[in-house]
Amino acid sequence: MSEVTVVDVPTQMVVGIKKTGSFSEIPGVLGDLVQYAMANGGEIVGPPIGVYYESSKEAVEKANREGTAIIDVNFPIAKPIAGSDKVRVYELQGGTMAKIVHKGPYDDCESSYIALFTWIAQHGKTPMGPVREVYPNDPRTVPPEEILMEIYAPIA
């Protein structure tokens, strides 16, 4: 596990889908976003970003089990394109965030989350909104122990 750092994340133009369901739907939604961007002249300029609103392990598990999880996935794009009734094109707000990098299977990220929020509390910071995850490599092309996930928590 890596150390926690404080970073200034820029506001980014993104193409995204936000819906309710279970987290197992995320790979399909990401595929839909790539297809939409390509069909509408969108140039994807970075890895996918997930924004997560559930605030505890229990809330995540319950929402996933009940199909009420907020699925909010995005890709950064070079410039705005037309959205649709399903696809949003907007600026994902940046700001000062605490960041930790998790290496390994996504299912094993709990210790990274604990380390991140422990650091936030120990340094007198306050979480200020939903957590986001950035996925810099593709779990279909790297072994599970090499998967990377950057976890960001907006702080004040």
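1. A residue counts as buried when its relative accessible area is under 20%, and as exposed when that area is over 50%. Keep those two cut-offs in mind throughout. The structure is a predicted model. By this rule, Ser112, Tyr113, Leu116, Trp119 and Ile120 are the buried residues of helix 3. They span an arc of only 130° around the axis, which puts them on the same side of helix 3. Ala121 and Gln122 sit on the other side of helix 3, and they are exposed.

2. Next, the length of helix 3. It runs over residues 110-122 and has 13 residues. At 1.5 Å a residue, helix 3 should span 18 Å. The C-alpha atoms at its ends are 18 Å apart, so expectation and model agree. Just after helix 3 comes Gly124, with a positive phi of about 65°.

3. What covers the buried residues of helix 3? The cover includes strand 1 (5-9), strand 6, strand 7 (131-134) and strand 8 (148-154).

4. Helix 1 can be read in the same way. Helix 1 covers residues 26-39, 14 residues in total. From its first C-alpha to its last it reaches 20 Å, close to the 20 Å expected at 1.5 Å a residue. Its buried residues are Ile26, Val29, Leu30, Leu33, Tyr36 and Ala37. Their arc around the axis is only 125°, which means that they lie on the same side of helix 1. The face turned away from that buried side carries the exposed residues Pro27, Gln35, Met38 and Ala39. Gly41 follows helix 1, and its phi is positive, near 75°.

5. Now the cover over helix 1. Strand 2 (12-21), strand 3 (49-52) and strand 4 (69-76) are among the elements that cover its buried residues. Of its 8 residues, 7 are buried, so strand 4 is largely enclosed by the rest of the structure.

6. Strand 4 also pairs with other strands. Strand 2 and strand 4 run antiparallel and are joined by 8 bridges. One example is Val14, whose bridge partner in strand 4 is Pro76. Strand 3 and strand 4 also run antiparallel, joined by 3 bridges. Here Gly50 has Val73 as its bridge partner in strand 4.

7. Is Thr96 buried, exposed or partly exposed? Its relative accessibility is 35%, so Thr96 counts as partly exposed. Leaving out residues up to four places away in sequence, Thr96 touches Val6, Val7, Asp8, Ala153, Pro154 and Ile155. With Asp8 there is a polar contact, side chain to side chain, at 2.9 Å. Ala121 is 25 residues from Thr96 along the chain, and their C-alpha atoms are separated by 15 Å.

8. Turn to charges. Side chains of opposite charge can pair when their charged atoms come close. The count in this model comes to 8 salt bridges. One of them joins the side chains of Lys19 and Glu25, at 2.6 Å from N to O. Lys19 counts as partly exposed because its relative accessibility is 31%. Glu25, at 27%, is partly exposed as well.

9. Which parts of the chain does the pair Asp32 and Lys86 link? The side chains of Asp32 and Lys86 meet in a salt bridge of 3.2 Å, N to O. This pair links distant parts of the chain: Asp32 is in helix 1, while Lys86 is in the loop between strand 4 and strand 5 (88-92), 54 residues apart. Asp32 has a relative accessible area of 32%, so it is partly exposed. Lys86 is partly exposed too, at 45%.

10. Last, a salt bridge within one helix. Lys57 pairs with Glu61 in a salt bridge, with the closest N and O atoms 4.0 Å apart. Both residues lie in helix 2 (residues 57-66), 4 residues apart, so about one helical turn separates them. Lys57 is partly exposed, with a relative accessible area of 43%. Glu61 is partly exposed at 40%. Salt bridges that share partners join Lys57, Glu61 and Glu110 into one network.

Key: Residues are numbered from 1 along each chain as its sequence is written. This is a predicted model: local features need pLDDT of at least 70, side-chain atom pairs count only at pLDDT 80 or more; totals for chains, interfaces and linings use all residues. Side-chain values use heavy atoms; hydrogens and water are left out. Helices (H or I, at least four residues) and strands (E, at least two) are DSSP runs, numbered from the N terminus. The expected span of a helix is 1.5 Å times one less than its number of residues. Buried means under 20% relative accessible area, exposed over 50%, partly exposed in between (1.4 Å probe, protein chains only). The arc is that of the directions from the helix axis to the C-beta atoms. Contact means heavy atoms within 4.5 Å. A polar contact is a pair of N or O atoms within 3.5 Å; within protein, one must be able to donate a hydrogen and the other to accept it, and residues adjacent in sequence count only if both atoms are side-chain atoms. Two strands pair if DSSP finds at least two bridges between them.
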